[in-house]
Amino acid sequence: MAPSYQKSKDLFEESQLFIPGGVNSPVRAFKSVGTNPPFIAKANGARMWDVDGNEYIDYVCSWGPLILGHRHPAVIHAIQRCLERGTTYGAPTDLELTLAQMIVEALPSVEMVRMVNSGTEATMSALRLARAYTGRNKIVKFEGCYHGHHDSLLIKAGSGLLTHGVPTSPGVPDNIAGNTINARYNDLELLEQIFNEVGSDIAAVIVEPVAGNMGVVPPTKDFLSGLRNLCTKHGALLIFDEVITGFRVSYGGAQSYYNVMPDLTCLGKIIGGGLPVGAYGGRKEIMQLVSPAGPVYQAGTLSGNPLAMSAGIATLEQLQQPGVYEELDRKSALLAQGLSQAARAAGVPVSFNRVQSLQSGFFTKHPVNDFASASTSDTNRYAVFFRSMLDQGIYLAPSQFEAAFVSLAHTDSDIERTVEAAYTAYKMAAQV
Ligand code: PMP
């Protein structure tokens with residue numbers, strides 16, 4: 001029997017009267033998969049339950065923060081302990097120092113770090129700092145990478161390769177878009193061309209060291225080291241946006257995993273253990289420019305708030321246990337192998353990318369290594385696949401161009417159940 005989503009449907013209709021599109025972040029509206037979002041009532045471990053009582057194995061994990069799964073006892077305990085002493089003071093606490101020290105110890109390129117409240121704030125602040133440090137205005141980003149919704153980075157490529165960027169949203173002024181250049185992920189030649197033309201104006205190159213926002217796209221072998229060399233050669237800063245990859249692809253982030261050191265690093269998600277957080281950090285010499293140590297202004301009422309710091313510290317402590325990343329990788333590999341066999345058996349071409357506990361299956365026969373190849377995916381097929389999975393109790397990202405997140409809470413039997421459901425769903429997708 002098909003599950004009922006009636007209560008969710010009613011709530012979604014009512015929410016649309018009071019909240020634009022009924023949601024507080026667009027992807028949650030499930031627009032690209034042609035159905036309504038379940039409203040979630042509660043979650044535990046790898047499971048979520050919606051208001052109609054449907055149970056799901058969750059591969060979104062709040063879009064990445066919940067690497068330990070929902071309601072990990074250590075995280076809940078840390079939050080509860082903190083709550084007993086208050087929620088926020090707008091004054092420094094030892095928790096901020098502890099988390100800053102943990103981040104500095106984990107990430108080889110980071111000597112100092114500033115906490116903010118979201119990934120968007122982290123990248124916005126890192127760009128300001130890079131511009132102040134270099135005295136230059138232009139920023140290079142890569143098509144298909146997402147770094148948050150502030151003006152400088154909500155930009156897509158113009159019609160020619162070296163033309164100025166074009167806003168992806170009304171309300172982003174052209175003169176701001178004009179300072180952002182879009183390059184192609186995994187294409188060093190194009191980037192070199194850009195540097196040769198306008199290198200002395202480029203303050204920073206910002207990149208997701210493993211792209212996660214066009215679906216998962218790993219860097220090719222020399223891409224990150226090539227970025228490092230070009231930035232050094234031309235006096236631009238290299239910014240790794242590790243909001244997804246930080247403490248995910250390894251405890252030391254993508255910079256340790258690939259052994260390429262950026263000048264600045266942006267963090268979010270995991271370091272807040274499921275509470276709102278962001279951070280940016282880097283070499284002392286650069287970070288000392290941030291106010292009040294230096295002249296670059298950046299502030300926040302709830303920045304470094306004790307609840308998020310406590311949840312983050314507890315999460316990182318769990319991630320320090322031996323074998324954690326091997327176990328995440330093993331589970332993620334099990335899922336990717338199972339899905340790939342299921343797709344083959346169902347006769348539907350799916351191209352799989354995986355780095356550690358991040359993975360995507362693109363409905364295309366082409367290998368996916370940049371935005372153009374990701375865009376060859378059949379999104380109608382994904383929508384059919386997605387809806388069938390949801391009806392079978394598997395909660396995936398409601399878009400072809402997002403990652404699946406495997407957590408430590410997923411069991412081998414969760415993964416087996418997921419693969420069985422996927423075979424049915426792939427067969428339905430094959431008929432599209
Ligand atoms: N950078 C990356 C790589 C992200 O994936 C995201 C959000 N998913 C952001 C920045 C923005 O973070 P936030 O949504 O917390 O503003």
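Guide: Gladly! Helices (H or I, at least four residues) and strands (E, at least two) are DSSP runs, numbered from the N terminus. Residues are numbered from 1 along each chain as its sequence is written. This is a predicted model, where local features need pLDDT of at least 70 and side-chain atom pairs count only at pLDDT 80 or more, while totals for chains, interfaces and linings use all residues.

Visitor: Is Ala345 buried or exposed?

Guide: Ala345 sits in helix H11. By C-beta atoms placed from the backbone, a residue is buried if 20 or more others lie within 10 Å of its own, exposed if 12 or fewer, and partly exposed in between. Ala345 has 12 C-beta neighbours inside 10 Å, so the residue counts as exposed.

Visitor: Which strand or helix gives the most to the side of domain 1 that touches domain 2?

Guide: The domain assignment, automatic or from a database, gives domain 1 (6-71 + 322-430) and domain 2 (73-319). Their contact (C-beta atoms, placed from the backbone, within 7 Å) takes 27 residues from domain 1 and 30 residues from domain 2. On the domain 1 side, H11 (324-346), S13 (351-355), S14 (358-362) and H12 (371-374) each supply at least two residues. With four residues, the one that gives the most is S14.

Visitor: Which helix gives the most to the shell around the ligand?

Guide: There are 16 residues around the ligand, and those that come nearest are Ser118, Gly119, Thr120, Gly148 and Val243; near means a C-beta atom, placed from the backbone, within 6 Å. Three residues of the shell come from the helix that gives the most, H4 (residues 119-134).

Conventions. Contact = placed C-beta atoms within 7 Å.
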